[in-house]
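This briefing is intended for reading alongside the sequence and the three-dimensional model.

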Amino acid sequence: MIEAGVAHFRATNKRTLLDIVCKLADLIDRTFGLGPGQIPGYCGHEEIELALVKLARATGEARYLKLASYFIDQRGQEPNYLMAETQRRGDKLPWHMYFDGLATLQAAKPVRELKEPVGHAVRQMYLLAAMADLAVENKDATLLQSCRTLWESIVHRHLYITGGVGSEPYGEKFTEPFDLPPDRAYAETCAAIGVIFFARRLLEIELHGAYADVMERALYNNVQSGMSLDGTKFFYVNPLELIPAVAKRRYECHLVKTQRVGWFGCACCPPNVARLFASLGEYVASQRPDGLALHLYAEGDLRFTAAGRDMQLSVQTDYPWTETVTITITSISQLPSPNSGGGSAATLYLRIPGWCRGATLQINGQSHPLEPVNGYAALHRNWQTGDRVALTLPMPVERVRADPRVATVAGCVALQRGPVVYCVEEADHGPNLAALTLPHTAPLAIRNDPALLGGCVVIETTGTRDRTGTDLYSTTASGIEPVKLRAIPYGLWANRGEGEMRVWIRES
Ligand SMILES: [Zn+2]
């Protein structure tokens, strides 16, 4: 009885909330557009576009899709609304527009003409997420092509190894291709979440592991870095290299926090992290016409439908620390027909990450060939309750080097295991991490440390440290000394007090 009352309250409340949202959207719809008496404008900070698509899907109301499409296509058209509005108000250009002008707001030209990401990174990613949504809803091939062009540019020229984007602090912007400095990185937490939004939408359009690989890179590294282990403190800016004293003195680092803080004046990132983690299920897997696609491996139960039946599976894993993922079919609904049997035909699409070589698969203890197509192994069979799939994803430590055009990390190497990027911290090595060198032949060992940072896998090896001399500049080397190196997951850095951190380590 109480339960029924709660359900009724929830249903009623949901309707009321939706009514409020619709009322607001209707007002915006009446106000903005190219019709008589309407303002031919659009928002300087994209986000409403993807929200309108969600609202259209929730209500079935096509008007909201049309409004989102209008906002996308009106952006950057001449005469430029944002310039006209600035002049009409007698305002100056906002501070963050001085360098790149309207491109800062992705409004210098129509969005379909963009070939490289520009401007404020979070806005760019939200714009792209909406463009991908609308490409699907409107079956708009040219908009989808624009999405693909920008995706390729971002992934191959503008993405930090941690999955972050937007390297310029001034205006929180994209800059030139390959301009990915580790110490001056902006890499806002929200921008990495935007990368995940965009990747997830493209993954829905085309089941291709390349999208999930980037989604996973951003999630386990830049986004994880955005929140402290206890979930109470946050980073807005996520550098890949930090010397706290320098960051506190240099102007271009003035937005960098040397330790996570409880809140920000512009507090977009903390609730964005909360929103992402609260909706992680949407990123882990997706329903396909013939079954289920598993994109990320995390423990939990998943429901899906296949061949008219409701199915449920359970995932057991300690990924990304361990290499094994076990998937068990836990229930299959029965069809009314007495001869329908207990099993059900369905396809499980298992992502084989791009970083993984030599993945193996067993079904009910028997080895099964693994032939991934576009990064997914398709397992089609008549599944029975209790069927068990065991996937092994070997995770050797990898040395990753950047394209030589990333000038700021030339001669350096980063360590990665599975999807996790590693860093070294002052807590393990003392100050002056720039003096550390990792020989390219040094064996890289892993160790599971359940007592460290909530339990994680660390990488241990032996490197060298340059000795400190007496002169600022010298023609003679001060020599080197051997040093034990320990790298921890980048996403967990700055949970042991303030200190230096470095992802890219000099390699000899
Ligand atoms: Zn933010």
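Two strands are said to pair if DSSP finds at least two bridges between them. Helices (H or I, at least four residues) and strands (E, at least two) are DSSP runs, numbered from the N terminus. The model is predicted: local features need pLDDT of at least 70, side-chain atom pairs count only at pLDDT 80 or more, and totals for chains, interfaces and linings use all residues. Residues are numbered from 1 along each chain as its sequence is written, and side-chain values use heavy atoms, with hydrogens and water left out.

**Zinc site**

- The zinc ion is coordinated by Glu 188 (OE), Cys 190 (SG), Cys 268 (SG) and Cys 269 (SG), at 2.1 to 2.3 Å. Donors are N, O and S atoms within 2.8 Å of the metal (3.2 Å for Na, K and Ca); water is not among the atoms, so sites may look incomplete.
- The arrangement is tetrahedral because the 4 donor atoms subtend angles of 97 to 122° around the zinc ion. For four donors, that term requires all angles to lie between 85 and 135 degrees.
- Along the chain, the donors have the spacing E-x1-C-x77-C-C. Distant parts of the chain are linked by the pair Cys 190, in helix 7 (residues 189-205), and Cys 268, in the loop between helix 9 (244-249) and helix 10 (269-278), 78 residues apart.
- Cys 190 is buried, with a relative accessible area of 1%, whereas Cys 268 is partly exposed at 26%. Buried means under 20% relative accessible area, exposed over 50%, and partly exposed in between (1.4 Å probe, protein chains only).

- An open sheet is formed by 6 strands in the order 4-5-6-11-8-9, with antiparallel pairing. Strand 4 (300-306) and strand 9 (366-367) stand at the edges, each with a single partner strand, so one side of each has no neighbour in the sheet.
- Within this sheet, strand 6 (residues 324-332) and strand 11 (residues 388-392) run antiparallel and are joined by 5 bridges. Thr 328 has Arg 388 in strand 11 as its bridge partner.

**Strand 13 and its partners**

- Strand 13 is mostly covered, with 6 of its 6 residues buried. Cys 412, Ala 414 and Gln 416 point one way, Val 413, Leu 415 and Arg 417 the other way, and all are buried.
- Strand 12 (residues 397-400) pairs with strand 13 (residues 412-417) in the antiparallel sense over 4 bridges. Val 400 stands opposite Ala 414, and Arg 399 has Leu 415 as its bridge partner.
- Strand 12 has a covered face, made of Val 397 and Arg 399, and an uncovered face, made of Glu 398 and Val 400.
- Strand 20 (residues 505-507) pairs with strand 13 in the antiparallel sense over 2 bridges; Val 413 has Ile 505 as its partner there.
- Strand 14 (residues 420-425) runs antiparallel to strand 13 and is joined to it by 2 bridges, with Arg 417 opposite Val 420. The two strands form a hairpin with 2 residues between them, and Gly 418 in the turn has a positive phi of about 60°.

**Cavities**

- There are 2 cavities of 30 Å³ or more. On a 1 Å grid over the protein atoms alone, a cavity is a set of points where a 1.4 Å probe fits but cannot get out, and lining residues have an atom within 4 Å of a point. Grid points are joined across faces, edges and corners, and a volume is the space filled by probe spheres set on the points.
- The largest cavity holds about 50 Å³ of space. It is lined by 13 residues, of which His 158, Gly 166, Ser 167, Asp 179 and Leu 180 are the closest to its centre.
- The second largest cavity holds about 30 Å³, and its lining includes Leu 415, Val 424 and Ile 505. Strand 17 (456-466) and strand 18 (480-489) each give two or more residues to this lining, and strand 18 supplies the largest share, 3 residues.

**Backbone geometry**

- Most residues other than glycine have a negative phi, and most peptide bonds are trans.
- A cis peptide bond joins Glu 78 and Pro 79, with omega about -5°; Pro 79 is in the loop between helix 3 (62-74) and helix 4 (81-89).
- Another cis peptide bond joins Tyr 319 and Pro 320, with omega about 10°; Pro 320 lies in the loop between strand 5 (309-317) and strand 6.
- Phe 178 has a positive phi of about 70° although it is not a glycine, and it counts as buried at 12% relative accessibility.
- Asn 374 also has a positive phi, near 50°, and counts as partly exposed at 40% relative accessibility.

Technical notes. 1 Å grid on protein atoms, 1.4 Å probe; cavity = no way out; pocket = protein on both sides within 12 Å on 5 of 7 lines; lining within 4 Å. Tetrahedral: all angles 85-135°; square planar, octahedral: opposite > 155°, others 65-115°.
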